[in-house]
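Please look over the sequence and the 3D structure shown here before reading the short report that follows.

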Amino acid sequence: MSHRWEAPGATQDTLERLCLSAGLGTPWDPAGGAGRSGWGEGSLGLPPEAAAPATRPRISGRRWMDGWIFNQIQPPQSAAGVAPPLVSRLAWALPASSFPSSAVGAAPIRPPLGPSPPTTRAVRLRQDGDAAGEVNEAALVRDILYVFQGIDGKFIKMSTQDNCYRIDSKVMVSKSLRDTSSRLAELGWLHNKVRKYTDARSLDRAFGLVGQSFCASLHQELKEYYRLLSVLHSQMQVEDDQGVNMCTESNLTLRRLLVWMYDPKVRLKTLAALVDFCQGRKGGELASAVHAYGKTGDPQMRALVQHILSLVSHPILNFLYRWIYDGELEDTYHEFFVASDPNVKTDRLWHDKYSLRKSMIPSFVTMDQARKVLLIGKSINFLHQVCHDRTPPGKITPASNSTDTPKDAAELLSDLEGAFQEKIDAAYFDTSKYLLDVLNRNYLLLEHLQAMRRYLLLGQGDFIRHLMDLLKPELARPATTLYQHNLTGILETAVRATNAQYDNVEILKRLDVRLLEVSPGDTGWDVFSLDYHVDGPIATVFTRECMGHYLRVFNFLWRAKRMEYILTDIWKGQMCNAKLLKTMPELSGVLHQCHILASEMVHFIHQMQYYITFEVLECSWDELWNKVQQAQDLDHIIAAHEVFLDTIISRCLLDNNSRSLLNQLRAIFDQIIEFQNAQDALYRSALEELALQLQFEEKKQQNEEEGQWGVTAEQEAEEKRRIREFQETVPKMSSQFRILTHFYQSIVQQFLVLLTTSSDESLRFLSFRLDFNEHYRAREPRLRASLGATRGRRMSNI
């Protein structure tokens, strides 16, 4: 069924004005004027012999290479069985020498049915010129009909210099006829432009299915145009046979052709402009160009472009339906907006194998729809290739009727926000829900996510504390003396002794110990790390990059936890030794220094632990868990998980912007370790001295009980000398602790200055808590300026 168009100029008012001004009568009058359908294929003002249904030629066509060539007219038999004369054949169906090179090889013209026409004519044919040598209008009309098909006429030829059809300047013709002929010849130029594009592209396989559909739509329109020209040629043939003596008011004239070809000219202009606009485009980009060109206020031109768009988008919609219902992608010429990389391995299927070709997304498909289309097919392939799920796609989401014909495509495109959106949404929700169900049911995705929080982010408190107690003797040794199997055994002991033993076996078998790269001077604390093995579908969420982030965060949290563990040991040492060392008053000042410094460190570490545990980890985890529960597809879970990791890395001072803060914090941790070593040395020395003094007193008392002198003069002198030497070391230890306190406080002050100038509001609040009594502010002028400036900015903002 051919597609009929009506050009905007074919309205009743427009044609009436044109025809009346040309003296042709109204276009819908049977006596003269063009019909109003399609390419102007109505009565065309033809004489009754040409326009009557009983004698109007019947057009037959055949597919010839890249276009529809109408090669023959089969005039129907009259009631008396006598065939109409030979003039009913197409005028442009000439011998091969009259056609351009592109038409050579066309099928020969079959003779008309019925008896042969007489060889002699009863009337003389019209002449091309008059006695004065001036070309008459009838000759120009004959030339124009050939020019309409892109064939040079006798007087009107293509000028390669001007790129248009024009009458030779040597030919004598009136100015009005020359101007009218030039206006009509524009149709030939437009025809050639469209035909040249279709001829060049029709046989280009790399142009793809969408491009071939575009060429087919142009061929369809040219077919309608040729159908109109065949009627005009038949009319011209009738007039030639009748001769000038039998001319009527309905004869073909340039003015009549100007009116009748108004609609076809507008249509050809549209096609030519569309061809220019689509140059160099293919696939979805070509469909976008056609769709953009259809945004016009003229309903008839919009219908024309919509018809072409329905043919052009038909292959794209077929690609789309195969992708979202079967997960198949057979895009040989890269026309579809979903691209596949065959070199990507299965473990990176979700992240790297499939992507969007943004240039190929048709403009009538939104970015959100394109993303959903990508996810649907990617989910189907992920289920089959990674999850090894053999459920047929038809059971996941019921397949909808595909666009079997361009008519179906046109109906779908007419309701992009309705039926089209519903089809994509239904397939998206069904496929994504099924994929998440498989990951949670068969591969325990959510349980693995919680295991990361409990073990790598130190959420399982009893397990972490017991593991640290068991590992302390091992990790205190040099890193080069550690053996992984020993640490693995300790890990299993810690699991069996805590609530971690009740976790899923699938979770516990993935938990392991890892030793980091050893640097000179490292102890076991510096290289120890927990590890969690991931593989299969869950590795899509916990990628290598994500696991690297987890290890960085674990090392930071493990070091901070160790500081808390060390300060606990320091406090226990102070509490246990306080009563023992009361008998040594010379140590009271040093011990007081130790208590003050330890209290500062405990306050600092407790505030840092509170910040890390509650403000960073717990808040970020709560946001992640809410997003995971509300996720509609796997991409939402992956994105939420990556945001979670990025957040805790940046707020735990592990990103590049916080490098200076992290260095200061590590320096504070080093001071805590140094303070532990100094205090241990102090207690060791003091306890040794205390033990010697007690031993001396016990020996003295024992001698007195035996009736002997308690001590000799030499022993008493030796005892006093040793006590004096110990008392001389006390000021040195005191100065050591003063220096340690000074370094610690200066580092903390620099850390607070960096916190107060940070762009992160939570870090600025942390600085207020660390210096809640302005102890450090009184010692650091820069800190006072920073705090004052910060508070001033906050007040001004309010």
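## Terms and origin

Helices (H or I, at least four residues) and strands (E, at least two) are DSSP runs, numbered from the N terminus. This is a predicted model, in which local features need pLDDT of at least 70 and side-chain atom pairs count only at pLDDT 80 or more, while totals for chains, interfaces and linings use all residues. Residues are numbered from 1 along each chain as its sequence is written, and side-chain values use heavy atoms, with hydrogens and water left out.

## The chain as a whole

The chain contains 26 helices and eight strands. Of its 798 residues, 49% are buried, a word that stands for under 20% relative accessible area, with a 1.4 Å probe and protein chains only.

## A serine in helix α9

Helix α9, which spans residues 299-326, includes S313, and this serine is buried, its relative accessible area being 0%. A polar atom of the S313 side chain lies 2.7 Å from the backbone oxygen of L309. When neighbours within four places in sequence are left aside, S313 is in contact (heavy atoms within 4.5 Å) with F364, A409 and L413.

## Two packed helices

Helix α15 (residues 445-456) packs against helix α20 (residues 544-578) at an angle of about 30°, and their axes are 10 Å apart; axes are lines fitted to C-alpha atoms, for helices over the stretch in contact, and angles run from 0 to 180 degrees between N-to-C directions. The two helices α15 and α20 are therefore roughly parallel to each other, a description used for angles under 35 degrees. From α15, the residues L449, M452, Y455 and L456 meet M547, Y550, F554 and L557 of α20.

Conventions:
Angles under 35 degrees count as roughly parallel, over 145 as roughly antiparallel, 65 to 115 as roughly perpendicular and the rest as oblique. Buried means under 20% relative accessible area, exposed over 50%, partly exposed in between (1.4 Å probe, protein chains only). A polar contact is a pair of N or O atoms within 3.5 Å; within protein, one must be able to donate a hydrogen and the other to accept it, and residues adjacent in sequence count only if both atoms are side-chain atoms.
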